[in-house]
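Thanks, everyone, for making the time. I would like to walk through one model this morning, so please have the sequence and the coordinates open as I go.

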Amino acid sequence: MILAALTVITSLVYAQEGTSAIGLQFGFAQTDYRLNSWEVKADPTVLTNHPLNGVKLGIVWDATIIKGFGSMIGINYTFGTYSSRWKSVNDDMLYPQEKERNNYHQGEIFVDWQYKFEIAGNTYVIVYTGPTIQCQLALTNTTYTRTADEEKQVKISRFDYGDDAMHQDYKRLNVTWGVGVGFQYDRFYIRGGYDFGLINPYKINDFAEVFGPIYGDNHDSGRHTRGRIDQWQIKLGFYFAQFGK
């Protein structure tokens with residue numbers, strides 16, 4: 001459905017008599033892997049994932065179909081990371097110590113339906129909403145362990161890790177729906193918004209299989225997980241080519 005919408009909007013943009021522009025954008029993004037279950041509220045350590053902070057860059061096509069109303073279509077690359085601090089494995093001993101690092105690389109195709117309120121000459125306030133298809137190219141977890149004499153590390157992929165004790169593996173594709181606001185002056189703009197995940201990102205839907213090894217047996221076996229991947233972002237952009245009126 002989303003790909004069909006992209007095709008329709010692209011056709012409208014080619015046919016419209018308004019303005020269009022091609023630009024580049026760069027900004028900050030934070031991705032959050034959520035689990036919407038009572039177990040997390042009862043014991044937050046059930047889900048040990050931390051928000052991943054990173055950068056986003058992409059190329060966009062902005063078009064006005066009729067006065068004020070139009071769309072922005074684009075492709076983004078997003079990188080995010082999280083690193084913990086060294087901490088002792090045993091509270092009463094200095095060593096061994098552990099820390100972890102999560103990194104992800106993601107490609108995105110998005111469509112934002114938008115309305116631009118002109119508040120002065122070439123100056124606009126923007127409101128927008130629309131879907132994004134995300135494809136995670138890589139998502140790795142690295143655990144570092146050190147003693148007084150040596151340091152070791154174990155790196156795994158969260159897409160194909162096969163250990164039965166680690167069932168929090170993810171699907172590569174995700175779909176979100178975002179809302180946001182922005183400000184544009186001439187060729188420059190700033191846009192910020194929040195994307196809500198629409199699908200369950202976990203490969204295994206049974207809560208007992210996904211989190212049983214971590215949480216133990218105090219859960220409802222067979223109940224589906226209700227996880228999602230959210231993202232908030234803020235972007236600065238510049239239109240290097242403009243067409244139309």
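In this predicted model, strand β6, residues 123-146, pairs with β8 in the antiparallel sense, and the pairing extends over 13 bridges. To place one of those partners for you, Tyr124 is bridged to Gln184 in β8. On the strand's pairing with β9, residues 188-197, there are ten bridges, and β8 and β9 again run antiparallel, with Gly180 finding its bridge partner in Gly193 of β9. These two strands, β8 and β9, form a hairpin with two residues between them, and in that turn Asp186 has a positive phi of about 55°.

For β8, residues 173-185, the covered face includes Asn174, Thr176 and Gln184 together with Gly178, Gly180 and Gly182, whereas the uncovered face carries Leu173, Val175, Trp177, Val179, Val181, Phe183 and Tyr185.

Stepping back to the chain as a whole, its secondary structure comes to three helices and ten strands, and the order along the sequence is α-β-α-β-β-β-β-β-β-β-β-α-β. Of the 245 residues, 42% are buried, and the chain exposes about 13100 Å², of which carbon and sulfur atoms supply 61%.

Now to the charged pairs, where the structure holds five salt bridges. One of them joins the side chains of Glu108 and Lys56 at 2.7 Å, N to O, and this pair links distant parts of the chain, with Glu108 in strand β5 and Lys56 in strand β2, 52 residues apart. Glu108 counts as buried because its relative accessible area is 4%, and Lys56 is likewise buried, at 1%.

Another salt bridge brings together the side chains of Arg191 and Asp112 at 3.8 Å, N to O; here Arg191 sits in strand β9 and Asp112 in strand β5, 79 residues apart. Arg191 is buried at 1% relative accessible area, and Asp112 is buried at 5%.

I will finish with Ile59, which lies in strand β2, residues 52-66, and is partly exposed at 41% relative accessible area. Beyond its sequence neighbours, Ile59 touches Ile22, Gly23, Leu24, Ile73, Gly74 and Ile75.

Note on methods: Residues numbered from 1 in each chain as written. Predicted model: local features only at pLDDT ≥ 70, side-chain atom pairs only at ≥ 80, totals over all residues. Heavy atoms only, no water. Helix = DSSP H or I, 4+ residues; strand = E, 2+ residues; numbered from the N terminus. Buried < 20%, exposed > 50% of the residue type's maximum accessible area, 1.4 Å probe, protein only. Contact = heavy atoms within 4.5 Å. Areas by Shrake-Rupley, 256 points an atom, 1.4 Å probe, with all protein chains shown as cover. Pairing = 2+ DSSP bridges. Salt bridge = Lys/Arg side-chain N within 4 Å of Asp/Glu carboxyl O. Lists of a residue's contacts leave out its neighbours within four places in sequence.
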